[in-house]
Amino acid sequence: MNKRWLLNGALALLLIALSVIALNETGDQTPKVILKLTPLSATQVTHITIVRPTFTDVNVQRKGERWEVIRTPIAPGQASAPVPGNAFRIDSLARLAQADSILQLHPNSAGLTQYGLAPSPVTVRLNNIDIAFGGTDPIKGLRYVLVGDTVHAVADDQFSQAMAGFHEFVGTELMPDQPMIQTLKLPNLTVTRTTSGAWKAEPQPVDYSADAVTRLVDEWRYARALSVGPRDAGPPQGQVTIDFKDGGRMNFDIATFTPQLLLVSNTLGLTYTFTADVGERLFDLSKHRLSE
């Protein structure tokens, strides 16, 4: 009888222990609040400054629905107009504002070294909030960043964007707004939109096709380069002039056709690099004739 009583008592204690464990695991169903890196939303970010030791700062600003890259003047006292920004790269940095803070630490200044933050290789300023990047966690691969006096661990999504060169923040579209082209003057061909909306080509090819001209013009209107770099200083192999319906104009020098097409914008002082096949479609009308 005593053995049975002891056995029942042991089973009762086991049930109590299991109940306590179950309550601890499932009793609190309140969702865990995930902290965000900053109180800003990505759309509230209007200015971004990237600061890196020994490199010129990169400054971008929101202009309506687009981003602009603010350039340093070429000479003291000389104004330098902004250039269209690379939306993909800049939007990625703006989303840093709402990055999930997976871990928060409060080391003293001496303790920042272990997180790769003394010094930081790059600081991204979103409006007036500085986010300094540090090293990564060797196990989980999270990136340490410093905001104020708090070290956060976040997904390592934006560090490579922040370390990109200046020209990688410049948009790769030749014409970001896709304006209506009125006249396209190439080295061996000039096409002009008439008052009726038709295209006139000079000199007119024997196998002229208005549809092919439309496709050629659209190739320029929607052209997107592989990359953008500083102005090429070599002698040009030709020129391109584009007049728009709104009265605007763009000029390009042809730096080289092969092995890649390099177009130098005289308007922006930038060099756009295209693959050779895209270069053919930009200059060769025959590439736009539909096969029969």
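The model is predicted, so to speak of local features pLDDT of at least 70 is needed, side-chain atom pairs count only at pLDDT 80 or more, and totals for chains, interfaces and linings use all residues. Residues are numbered from 1 along each chain as its sequence is written, and side-chain values use heavy atoms, with hydrogens and water left out.

Let us start with the whole chain. Its secondary structure comes to five helices and 19 strands (DSSP runs numbered from the N terminus: helices are H or I with at least four residues, strands E with at least two). Of its 292 residues, 39% are buried, meaning under 20% relative accessible area with a 1.4 Å probe, protein chains only.

Helix 5 spans residues 276–283, and Val278, Gly279, Leu282 and Phe283 are buried there. These residues lie on the same side of helix 5 because they cover an arc of only 125 degrees around the axis, taken from the directions from the helix axis to the C-beta atoms. Their cover includes the elements below, where contact means heavy atoms within 4.5 Å.

| Element | Residues |
|---|---|
| Helix 4 | 210–221 |
| Strand 12 | 181–186 |
| Strand 16 | 239–244 |
| Strand 17 | 249–256 |

Now to the lining of the largest pocket. Strand 4 gives the most, with three residues.

Methods
Buried means under 20% relative accessible area, exposed over 50%, partly exposed in between (1.4 Å probe, protein chains only).
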